[in-house]
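Have the sequence and the 3D view at hand as you read.

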Amino acid sequence: MHYLFNLVQVFQQYAKANPVMAGLVGLWTAATISFIFVKTPLRVWRFFERQFTTSLTIDNSTYAYNLENFNAFLLWFQKHRFSRFSRSFTFDPTWNEDEENLKDSRAILGAGEGKHFFTYGGRFFWLTREKRTTNGTNQNNMQAYEIRITMLGRSQKKLLDLVDAFRYRYPRNKVGIYRAGKGDWSRVADAQKRPLDTVFLDEEIKQSILDDINWFLSNKQWHVDRGMPYKLTFMLWGPPGSGKSSCIKAIASHLNMNVGLINLSDMNDRALEMSFADVPKKTIIAIEDFDTTPATRSRGKLSVTDKKTKADTTEASGQSTVSPPLADGEDDSHSGDTDLAVAIQGLTLSGFLNALDGLIPLDGTIIFLTSNKIEHLDEAVVRDGRMDRKIFLGELTDPLIRKFITMLYPDCTADVLTAEHPEVIAPMMGASIYGLFGKYKNDVNGFLKALPKLH
């Protein structure tokens, strides 16, 4: 203390002799003291906050299951009794399509930006919702937000119990429909499962597809031992309305799997490669009408517009616009595919083939591709070894049509149908039968009279 008193006296004498320097030293001293008193308590607070609280951050990005769980938490908090004390809200009536819920106007209000408080399991929590500054929008061009949930206490189990209470659970009676974007997958819908027996295909075809898939899922090591890629690729082809899409959905339903949609028109080479590399778990990939994409079409089948697009896109990418002829016996290897047709949005045939069976591992992936006209596809796409199964789906014949009718009209048994309609029914597309049923859904006799007959 005596030393400090002497120091003050020395400083006073120095200040009389050098007032300017003394002022600067005094200003520095005041700033230092202010810094200590302002910053130190904040740092102390943050230290204790880290030691005595536990936090969880979730956001509304479409990567993996983030968006579903983000919305699931908002719905959970919306129903919590503490939500009535919030003073910042978001408005989203699509959360509650149930008319009973909509009777309560609060049912469409969710937690808005700022802080909110609640309790769970005897613990005190608070949440902060704010805009993400690192990325203004997510892959679906929605405003990017994150929620930070903080719990008073260090028990991770309490936080995990909370997560288990609000996390999104996919309906067991639904098929998840995913869509590939340019860099990620998002779950866009939950579709009602379709029983396999409501898809009327040749029973041998239907059973052979299921047998192939079940064997594939049970024999990963068989592929590894033989150095074969562990993937299974089906190509369903046939005229429109033959049941290709219905078949994929019914098979996914039967196997308790989801469906991942890829639209080649929205893809470039890298985006397709990334989509194949990050397929959601338990998901069948569906690429429908892939013969309509210029990248996969035969060079002889490209329209004038597609050829111009090919030339423009290829020139812009610095590739040669002339495809060298193949020597006798030369294989359609990926190195030769580089100069083939280029699709709109930058997808090339080379990029498509490399994504399908190149270096990117597709472990356990099941892929269904559909085409209306197989003759429009490039030979490199449909050659043996690239497609594991090529299955034609066409018109239904009389036995399947009769089975179809008894499903649509439960009272119209096989015996009644034979008695009322003894003539052989002409082949029809499944879609045409559904169209006819829509017109005569309450008039089975009218339906039967409208059926085409073989003469």
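Asp 357 is partly exposed, at 24% relative accessible area; here buried means under 20%, exposed means over 50%, and partly exposed lies in between, using a 1.4 Å probe and protein chains only. Salt bridges with shared partners also tie Asp 164, Arg 167 and Arg 169 into one network.

A word on the model: it is predicted, so local features need pLDDT of at least 70 and side-chain atom pairs count only at pLDDT 80 or more, while totals for chains, interfaces and linings use all residues. Residues are numbered from 1 along each chain as its sequence is written, and side-chain values use heavy atoms, with hydrogens and water left out.

A salt bridge here is a side-chain nitrogen of Lys or Arg within 4 Å of a carboxyl oxygen of Asp or Glu. By that rule there are ten salt bridges. Three of them are set out below.

| Lys 206 | Glu 203 | 3.5 Å |

Glu 203 is partly exposed at 41% relative accessibility. Lys 403, in helix α14 (residues 398–408), is 200 residues away from Glu 203 in helix α6, and the pair links distant parts of the chain. Lys 403 is partly exposed too, at 40%.

An α-helix has 3.6 residues a turn, so residues three or four places apart point the same way. Lys 206 counts as buried, because its relative accessibility is 10%. Helices are DSSP runs (H or I, at least four residues) and strands are runs of E (at least two), numbered from the N terminus.

Arg 386 sits in the loop between α13 (379–382) and β13 (389–392), and Asp 357 belongs to helix α12 (residues 349–357), 29 residues apart. At 2% relative accessibility, Arg 386 is buried.

Back in α14, which residues are buried? They are Asp 398, Leu 400, Ile 401, Arg 402, Phe 404, Ile 405 and Leu 408. These buried residues pack against α15 (414–420), α16 (430–439) and α17 (444–450), where contact means heavy atoms within 4.5 Å.
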